[in-house]
Amino acid sequence: MTDAGDSARKPLGSKPSLFLERQSYRRRRMTDAARLLPFLGAALLVIPLLWPDETVESQAVPLSSAIFYIFACWGLLILVSLFFGLTARRLGRRESPEADAD
Amino acid sequence: MSRKVLLIEDEPNIAEAIRFLLTREGWQVETHGDGMDAVQVIQDAKPDLVILDVMLPGKNGMDILRDLRELEDMQNLPVLMLTARGQSRDREMAENAGVSRFMTKPFSNAEVLTAVRDLHAQASRL
Amino acid sequence: MATLNVLILVCLGYVVLLFGVAFAADRMAAAGRGKWLRSPLIYTLSLSIYCTAWTFYGAVGNAARSGLEFVTIYLGPTLVMVSWWWGLRKLVRIGRSQRVTSIADLISSRYGKSNTLAVCVTILAVLGGTPYIALQLQSITLSFSIFAEADPSGLYREGSSVFWVAAGLAMFAILFGTRNLDANERHHGVVTAIALESVVKLFALLAVGIFVVWGVAGGIGPMMDRIDASEIGQWNVDAGRWTTFIFLSAAAFVCLPRMFQVMVVENDDEGHLRTAAWAFPLYLLLMSLFVVPIAVIGLDLMPEGSNPDLFVLTVPLSQGNDWLAMLSFIGGFSSATSMVIVTAMALSTMVSNHLVMPIWLNMQEGSGSVSGDVRNIVLLARRVSIAVIMALGYFYYSLSGGGTALASIGLVAFAGISQILPALVGGLFWRGATRTGALVGLSVGFVLWIYTLLLPGMGAAWMPETVLQNGPFGLGWLRPQALFGIEGIDPMVHTVMWSMSLNTIAFCVASLLSFPSPLERLQGAQFVNVFDHSAAPRGWTGSVAQSEDLMIMTQRILGAGPAQEFFQSEAEQQGGRSRLPEPTPGFLERLERELSGSVGAATAHAMIGQIVGGSSVSVEDLLAVADESAQMLEYSSQLEVKSAELSRTARQLREANTKLTQVSEQKDSFLSQVSHELRTPMTSIRAFSEIMRDTQGLSAEEQTRYAAIIHDEALRLTRLLDDLLDLSVLESGQVNLNMGDDSLRSVLDRAVSSALAGTDQQLSVRRSLISERIPLHTDLDRLGQVFINLISNAQKYCDAAEPVLTISAHDVGGQVVIDFTDNGSGIPPEAQSMVFEKFARVGVDKVGGAGLGLAICREIMQRLGGEISYLPGQGGAAFRISLPLAYRQAAQ
């Protein structure tokens, strides 16, 4: 499931060159970023659990702020995902299709 | 004495052409279009010469020739064989079967006439 | 006030619209038009069947009870969608490359095509799906009752309305979900209708939200103030429930049969995921945007004790905004119907493929090959399953009587179906996952779910109070809602935590301890490394004799046309001229995949196994898995396989040799035939032209006659050359078919008139014009050529005093069958097997063609995907032409 495991399975005969082209390099790192996105999302969504709740009467977070925070995170995730989607399509068009199977 | 040729050929047009040529040469031409009873027909007609096609309905010209040569009085009958298949194997087979002359279609009229004359001359010399 | 009658009319109108859309989309897809039907937008919208009536009505209710907690149900899927690069992409790729038909099929396929696993998943899905369907029925009824209360006529009766709703939905699902056994299980009609419904429900909820914020509260600022001032105005979320529900909804989003259906099975293009990755979260965000405002206003405006689940309806109604309430009702109706239809379809596929078909197949065992039309049985099984599933939902509703808060049933179903998750994720990412592991994990999770959540939730009749309080047999640590003595956890969190963790642990431990079968290991390697090799290494070995059995079986499952096409293209790929391909491992594997698109992986595997007799694994396959462990164990089996493979190669070489010899002999004899046919007319031409050149004094009559002979023979030569060219083009397969649509009748009209033109019309042709009203999609000119040939053959060779040719057409088992029978003496039995050979002529007639006509007909019919054969014993000469029906061709 990890990248190391993938490369270990590649046959020895066709060992890929150590350094990738600039384009493929960008693409790989973009994929990495796309893979990190859900973790960012999960982290953002766990933060509200640290807020004081209504049992601590004085500092309780009003619901409107909570709504604002949650929907802002949500919107951010959507925008970043949109950005990745567009970039992936742009890069995918320029490169050969089999590079997809990294 | 009238010379008689028996033409065994199933293509009516070819038969007509040969009949036309030989009749003008003074031959009496009989035609037959089926292979099945050809041997019997030859025996009955007692021709001076036989022109035999290879691809015939009922029985193949090679078989007719082979059967014919088995018969005692048909050993020396001149047989001119015509074939449209034109493979060297056919010529060999025909020679083994005892053909007198083997010709491939299409032939020139002069060739046929020459062959018929030669064969008849050879036969009469015997 | 909107009366109930108006409401029912609107509902019916809406359903008619849906039918229309589904029907039109099916038609467009069948005609190959409507590219937008397969657009990322439609795909994204179809995913929104995730938002059921539970989310449409229940989210507001949930918000009114617990504030922002409702949003977790939407956040889980959002996280799944944005992490598509991790999992969904792989899932969709596997689904497409393995032709998976359902989630149960996927699991069974991954774990060595085990039907036991498929049955477990199916039962789990049906158990979880039934209350969920009941929930949708309940929501429709509840929303009806809101309008009924206001309606003075009071004709509304709850029970009967639920019944009719359930019946209607079942009919819709049957009509559009089981119309045909598509090889890839895509239903454009249903998907398009669902996409429309998602637009409607989003629009309805947004409309109500906008009305509430700007129409009632007076803008965003005042709305926010009212929210903060309300009884749910402060952040108050239980941390355990918050994280559990996000996890649970994420898991369910992947595992729910209906989600799997739209996300994987109906997926047309992997690239759609890229769009859905942001567009679907956006849809969810919009769906939840106004939930809190509607809840807060509802709490403010509605009297104490009114059902918050129905605020979406009651708030507009209380403000006198009838049309908005109506719209919102349609929105809820949409959510419920789309969910029920897709769930019923997905579940019925699972039930028919994994419960009904294996049982049926078992009953067939021993007969060697499969008899009867499997397609009809599969379709019937699906239709009945849909009806049964809907009936189960209806009875569950009638028995439970509704009443429970909507949200809780949904969550119970989520927790149940999520038990598939460990087996699914493990199967996708871990090659060591085994069938035993999946079975054990699934069972543990399943039992815990029933014991800790389902039974306690169903009331005292199912789970006595004493068990709940003190545990079974007084074993305190087994209390359903406090396992191992850990108390004070929310019941839902308790179930999810214990069932998922024990399920995962059991799955991993059992996987580690058990040893997978070779097939499992191969499937595992294929699933986990799907991006490395989408072509599957898996071994079948078969002998030539089995090809025919396979063909018969395939025809029964896929239908004659597609089956013949598939076999034909396979045979062509193998380079053979025969219509049946060699049963090479590659071919068998493709065939299995093709079949599994119709009946599921396990069943397809079993069916092929029945004919071919057990699978064997090739050396390469073994090498592929040998890098793991147990190499010694495999060494001996490698040797075994190797010798089998050697003998197979030897056999193939022998066959190839015989074939080559045959081909060379055929070529020789063909050449000598051609030579004969060419030289014969040339002889006449040459002889007569020499006669005309060399002979003086030919009479005018003779000249005309000989010139006519030369002319006729020249024509004969031309005809022969034309036929030869035609035949060689047809045989080389380079012929371009010029496909067109017309009725059989007009093709025959043209053929008859052109065959009889310029003759003395001796032959009379008898036809039955009504039965010829069959639409054809084929190369009409080529087909006409075949007809003309048969008619002129009858004209030339029919030896009756008054020759009559009878042409009759039927539609037999998906094929058009056209018989040409004359009243002559027919073809002698010994010649019947030869009539379609080149230069085969019956009788002594030399006027006709060169004997290539029927050979050409045979080649043409093969190209058209049909057949021509001689029918013995019909009184005269009788030829039968069969062709695939038009719509089957068009559906490709």
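Q: In this predicted model, at about what angle to β2(B) does helix α1 of chain B run?
A: Let's start with the placement of the helix. Helix α1, residues 12-24 of chain B, lies across β1, β2 and β3 of chain B. Its direction relative to β2(B) comes to about 165 degrees.

Q: In what order do the five strands of the open sheet in chain B stand?
A: The pairing in this sheet is parallel, and neighbouring strands are turned by 20 degrees against each other on average, direction ignored. Strand β1 (residues 3-8) of chain B, for instance, is joined to β3 (residues 49-53) of chain B by four bridges.

Q: Which residue in β3(B) is the bridge partner of B:Val5?
A: Strands β1 and β3 of chain B run parallel and share four bridges. In β3(B), the partner of B:Val5 is B:Leu49.

Q: Is B:Asp53 buried or exposed?
A: This residue is worth a stop, as UniProt, in an unreviewed entry, places the feature "modified residue: 4-aspartylphosphate" there. B:Asp53 lies in strand β3 of chain B. Leaving aside residues up to four places away in sequence, B:Asp53 touches B:Ile8, B:Glu9, B:Asp10, B:Gly61 and B:Leu82. It has 24 C-beta neighbours inside 10 Å, and 20 or more are needed, so B:Asp53 counts as buried.

Q: Which element of chain A has the highest mean pLDDT?
A: Read along the sequence, chain A follows the pattern α-α-α, with zero strands. Helix α1 (residues 3-9) of chain A has the lowest mean pLDDT of its elements, at 40. The highest, 80, belongs to helix α3 (residues 63-94) of chain A.

Q: Over which residues of chain A does pLDDT stay under 50?
A: Chain A averages a pLDDT of 67, with 57% of the residues scoring at least 70. Where pLDDT is low, the predicted coordinates should not be read in detail. One such stretch has one contact beyond four places in sequence, and another has nine. These are residues 1-17 and residues 95-102.

Q: Which helix supplies the largest share of the side of chain C that touches chain A?
A: The contact takes 34 residues from chain C and 34 residues from chain A. On the chain C side, α4 (72-82), α10 (220-229), α11 (239-255) and α13 (272-289) each supply at least two residues. By class, that side has 23 nonpolar, eight polar and three charged residues. The largest share, seven residues, comes from α13(C).

Q: Which element gives the largest share of the side of chain B that touches chain C?
A: Here 16 residues of chain B are in contact with 18 residues of chain C. The chain B side divides into eight nonpolar, five polar and three charged residues. Its largest share, four residues, comes from α1(B).

Q: How many of the nine residues of helix α19 of chain C are buried?
A: The buried residues of α19(C) are C:Leu421, C:Pro422, C:Ala423, C:Leu424, C:Gly426, C:Gly427 and C:Leu428. The helix, residues 421-429, is therefore largely enclosed by the rest of the structure, and the count of buried residues is seven.

Technical notes. Residues are numbered from 1 along each chain as its sequence is written. Chains are lettered from A and ligands numbered from 1 in the order in which they are written. This is a predicted model: local features need pLDDT of at least 70, side-chain atom pairs count only at pLDDT 80 or more; totals for chains, interfaces and linings use all residues. Two strands pair if DSSP finds at least two bridges between them. Axes are lines fitted to C-alpha atoms, for helices over the stretch in contact, and angles run from 0 to 180 degrees between N-to-C directions. Two residues are in contact if their C-beta atoms, placed from the backbone, lie within 7 Å. pLDDT is the predictor's confidence in each residue, from 0 to 100. Ala, Val, Leu, Ile, Met, Phe, Trp, Tyr, Cys and Pro count as nonpolar, Asp, Glu, Lys and Arg as charged, and the others, Gly among them, as polar. A residue is buried if 20 or more other C-beta atoms lie within 10 Å of its own, exposed if 12 or fewer, and partly exposed in between; C-beta atoms are placed from the backbone. UniProt positions are given in the numbering used here, feature names are shortened, and annotations may be inferred rather than shown by experiment.
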